[in-house]
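Hi there,

Here is the structure I said I would pass on. Have a look at it first, and then read on for what turned up.

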Amino acid sequence: MNMEIADKMDVTTEQNIFRADILSGKTAIVTGASRGIGAAIARRLCEAGANVVLCSRSAESVAQIADTLQSKGYSTYAMAADISEKADVEVLIEKTLDQFSHIDILVNNAGITRDMLLMRLKDEDWDAVLQTNLTGTMYCTRAVLRPMIRQRSGRIINISSVVGLVGNPGQANYAAAKAGIIGFTKATAKEVSARGITVNAIAPGFITTDMTAEISEASQKQLLELIPLRKFGHPEDVADAVCFLASDAARYITGQTLQVDGGMVM
């Protein structure tokens, strides 16, 4: 077991504000679940009683997360899949149905960055970010709609970003993809609401992950000045929002974008 991963997964249940049975019997898929926000989301859904399928391009990393959760008594299934590939997504849905027979929750969290000023941005870096972050979200959503429509229920939660709302220099590709997710969320919500399926988005602000750890101390101080709560968020802050939107407590909420950003964008 990678001890660093195990340490990151060791979050006390006292920090979990949700009942252990709030998602009992539900099956959830979390993409990009091998680290950071995705791993925290998978853990929260497990703690709430769901069966959780963890998906990542890294078979080894996602298996370690799943093993850690299983050691705590949770029901998980790990699978390597690249959501930018339609064939991989189809296999992901097929294996989830084979394993648990139904899909109740989809969390589209997987994403990549290829940061560069637009004048220097390579076509392949634009294409890669849009293909994974936006088209991959579409592939996964489209693939779960048929079983969800059949059961006339479902929760789809798309992870966008405040960057998709306000932009960010050097992230034209990422901002475009994340803004696209918000529009995609609204359109899909209107298409499937009559079938008992809700579709919402979450736009995290600056969350303490491996990515933000690379920001210089000076830049972090500047960023904190933009956040009214004067602190960065934690992956669990996003995970709690996901758990809420996945639960019956959010049954009358659809087509919305919930900002988890400490008040950064108002």
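To get your bearings, which helix does Ala59 lie in? Ala59 belongs to helix H3, residues 59-71. Bear in mind throughout that this is a predicted model. With a relative accessibility of 44%, Ala59 counts as partly exposed. If you want a sense of distance, Met119 is 60 residues away from Ala59 along the chain, and the two C-alpha atoms are separated by 35 Å.

**The sheet**

Now for the strands. There is an open sheet of seven strands, with parallel pairing, in the order S3-S2-S1-S4-S5-S6-S7. Strand S3 (76-80) and S7 are at the edges, each pairing on one side only. From one strand to the next, the twist averages 15°.

Over at the S3 end, strand S2 (residues 51-56) runs parallel to S3, and five bridges join them. Look for Ser56, which stands opposite Ala80 in S3. Helix H2 (residues 36-47) lies across strand S1 (27-31), S2, S3, S4 and S5, and runs at about 170° to S1.

**Strand S5**

Is S5 enclosed or open to the outside? Six of the six residues in S5 (residues 154-159) are buried, so the strand is largely enclosed by the rest of the structure. In a regular strand, side chains alternate between the two faces of the sheet. Both faces of S5 are covered here: Gly154, Ile156 and Asn158 are buried on one side, and Arg155, Ile157 and Ile159 are buried on the other.

What pairs with S5? Strand S4 (residues 105-108) runs parallel to S5 and is joined to it by four bridges. Asn108 has Asn158 as its bridge partner in S5. To get from S4 to S5, the chain passes through helix H5 (residues 123-151), in a β-α-β crossover that is right-handed. S5 also pairs with strand S6 (residues 197-204), again in the parallel sense, over six bridges. There, the partner of Ile159 is Ile202 in S6.

In the loop between H5 and S5 you will find Arg152. Arg152 is not a glycine, yet has a positive phi of about 55°. With a relative accessible area of 49%, Arg152 is partly exposed. Arg230 is another one to look at: phi is near 55°, a positive value in a residue other than glycine. Arg230 sits in the loop between helix H9 (217-225) and H10, and is partly exposed at a relative accessible area of 47%.

**Helix H7**

Does the length of H7 agree with its residue count, or disagree? Helix H7 (residues 172-192) has 21 residues, which at 1.5 Å a residue should span 30 Å. The C-alpha atoms at its ends are 30 Å apart, so the two agree. Among the buried residues of H7 are Tyr174, Ile181, Ile182, Phe184 and Val192. What do the buried residues of H7 pack against? They pack against H5, S5, helix H6 (163-166), S6 and strand S7 (257-260).

In soluble globular proteins, nonpolar side chains tend to be buried together. In this model, the largest nonpolar core has 35 residues, and Ile41, Leu45, Leu54, Ile202 and Val242 touch the most other members. At least two residues of this core come from each of S1, H2, S2, H3, S4, S5 and helix H10 (235-246). Apart from it lies another core, of 23 residues, including Val53, Ala81, Ile83 and Ile197.

Val242 is worth a click. Leaving aside neighbours within four places in sequence, Val242 is in contact with Ile41, Leu45, Val107, Ile157, Ile159 and Ile202.

Is Leu245 buried or exposed? Its relative accessible area is 3%, under the 20% cut-off, so Leu245 is buried. Not counting residues up to four places away in sequence, Leu245 touches Arg155, Ile157, Asn200, Ile202, Ala250 and Ile253. Ala194 is 51 residues from Leu245 in sequence, and 18 Å away in space, C-alpha to C-alpha.

That's the tour. Happy browsing!

Definitions and conventions
Residues are numbered from 1 along each chain as its sequence is written. This is a predicted model: local features need pLDDT of at least 70, side-chain atom pairs count only at pLDDT 80 or more; totals for chains, interfaces and linings use all residues. Side-chain values use heavy atoms; hydrogens and water are left out. Buried means under 20% relative accessible area, exposed over 50%, partly exposed in between (1.4 Å probe, protein chains only). Two strands pair if DSSP finds at least two bridges between them. A crossover is right-handed if, with the strands pointing away from the viewer, the path from the first strand over the helix to the second runs clockwise. The expected span of a helix is 1.5 Å times one less than its number of residues. Contact means heavy atoms within 4.5 Å. Axes are lines fitted to C-alpha atoms, for helices over the stretch in contact, and angles run from 0 to 180 degrees between N-to-C directions. A nonpolar core is a set of buried Ala, Val, Leu, Ile, Met, Phe, Trp, Tyr and Cys residues joined through side-chain atoms within 4.5 Å.
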